[in-house]
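I record each item as I looked it up.

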Amino acid sequence: MQKGVGMKTLLDSLKNYKKECVLSPLFKMLEAMMDLLVPVLVAGIIDRGIGLNDTSYLYSQIWMMVLLAALGLGFSVIAQYYAARASVGAASELRQSLFDHIQQLSIGTLDRFGSGTLITRMTSDINMIQNGLNLTLRLLLRSPFIVFGSMIMAFTINVKCALVFAASIPILLAAVFFIMLVCIPLYKKVQSQLDRIMTLTRQNLTGVRVIRAFSREKDSVSEFDRENQKLTKMNEFVGRVSALLNPITYVLINIAAIYLIKIGAVQVNLGEMSQGDAVALYSYMAQMIIELVKLANLIISINRAAACADRVSSVLKEEPGMSYPVQSEQPEEKNSVDFNHVSFAYPDAREDSLTDISFHARPHTAVGIIGGTGSGKSTLINLIPRFYDALSGTVSVDGVNVREYGRKELIEKIGLVPQKTELFAGTILDNLKWGSESLSEEDAWKALKTAQAETFVREKESGLYSIVEPGGRNLSGGQRQRLAIARALVRHPEILILDDSFSALDFATDASLRKSLRESELNTTVFMVSQRTSTIMHADQILVLDDGRLAGIGTHEELMKTCEVYQEIRWSQVPEERPLDGIHMEAAV
Ligand SMILES: Nc1ncnc2c1ncn2[C@@H]1O[C@H](COP(=O)(O)OP(=O)(O)OP(=O)(O)O)[C@@H](O)[C@H]1O
Ligand SMILES: [Mg+2]
């Protein structure tokens, strides 16, 4: 069944190349016909041209052969051209639809696949499909045509000898089939090992600084070596098995050829067959050998391509994961966010990352979120733009359940500065335009100013047009964070989410950024995740998370009185505030 889906995906991408898919095999067949005629001409040359010394016939046949060769070449070039067009075109459409589809998938689904395998599927797998397609278009009709054509031509020359052909073909097909059965499952294994190598390479390249800092180069190299060896071994094994095909075909065919010559020689001796015909029969046998070997290789690459097509289509088969209503509800209250008994666990995770979270964020207020690492802060804010769906309970924005919004409506309300800052290759202005397509330079500067990024951008020679390398690697961590904040501000979001966006900023910048956010005319509700109490202590409401649960909720002053977890965090950061034991007890009660 899987295979069917793989083929369907492939056929879909071939839709625009119907003409090429017909013309290429057609011209290949014409070329094959030219090939099939040659041995007959040779027989004539031997029997009549040379045997009877008919020079004019000899030359005419030679010219005929030259003509056939030229025609064959022409047809073959045309066939190659169409095959290349169709296979390259279809592969690029397939790649595009795979990429488009990946963009639609939910973050949970992407987590499950992992980027390594998605990259191999987009690159290596699709290349295999392209090669398989190209070979198929050229050979799928031609090879059987020549094999059976040779046999039929042999029958027209001499029935007794032709029986040798008829007997050898099924034996050969059986050998090909057997090898195929062994190889197909192996190809899938090879591709998934390739996935592992891709994941490893990615991890090594992105983590290169850490690897150096911990002098783990040797371990990285040996780990890579191990996986790479595994891949090599697999490839060698598949290679060996499939390489058996050629010797097996050659041995079988040559046995048949010996037998053919033996029978032929007797018949020529008895005068039942001419010498020319014997040579022609042998040529047909030779053509058949070559075509059968090609056919066997073709079958192998078709199988390989089918295995890859399965892998590609298993991604395409993934449902986008989240459904969106056709018509969304009208918001009741602007800029508010509500969590109502929300619990969430990541796919395949054993424990809940969030348990029974409830709170109401009033419009235009600042909400601070604090808690130890892994306490669920990022998870909580990822539920607001619906990167994931809550397992139970409801998340509402503007009084409407986030599931009731159309695909874009919700996202457009939210400006998100993720914990791991991602910038993209382009200019600074390009990056800011992610927030709003129609951004003017003036607004860009305004956002940069609020985000405390104005100074360093001004200092750059090309200002807004300075180049940002992929991932923002030519900027410092703090500069990246500030640009990411500006990018979120550009959108004038109703809800601004800053996930630990102050971590790379020094205290002074942190303070002035918060001040300018407060003073800007943005009418936003701000969610501020931080590990530092000083960053969030002025928020209207602070959520204290502990191991996925809400350990406390209130203002800084309230929490200092009631929430032990918050007190501990605060005192660990500002030890001077830790009271003497007696007072501590009082506060805790
Ligand atoms: N993509 C994921 N898949 C599975 N589990 C995850 C994923 N992301 C986070 N978790 C788990 O969920 C829990 C909460 O993680 P979360 O990222 O929300 O913590 P956090 O409070 O933001 O921590 P930090 O302060 O370090 O950013 C952790 O135990 C973590 O192991
Ligand atoms: Mg986090």
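I looked up the pairing of S1 (337–344) and S2 (354–361), and found that S1 and S2 pair in the antiparallel sense over five bridges. Strands (E, at least two residues) and helices (H or I, at least four) are DSSP runs, numbered from the N terminus, and two strands pair if DSSP finds at least two bridges between them. Val-337 stands opposite Ala-361 in S2.

I noted that this is a predicted model, in which local features need pLDDT of at least 70, side-chain atom pairs count only at pLDDT 80 or more, and totals for chains, interfaces and linings use all residues. Residues are numbered from 1 along each chain as its sequence is written, chains are lettered from A and ligands numbered from 1 in the order in which they are written, and side-chain values use heavy atoms, with hydrogens and water left out.

I then traced the sheet. It is open, has four strands with antiparallel pairing, and runs in the order S2-S1-S4-S5. Its edge strands are S2 and S5 (400–401), each of which pairs on one side only.

I next turned to Glu-351, which is found in the loop between S1 and S2. Is Glu-351 buried or exposed? Its relative accessible area is 61%, so Glu-351 is exposed; buried means under 20%, exposed over 50%, and partly exposed in between (1.4 Å probe, protein chains only).

Finally, I looked up Ile-62, which lies in helix H3 (residues 55–104). Ile-62 counts as partly exposed because its relative accessibility is 35%.
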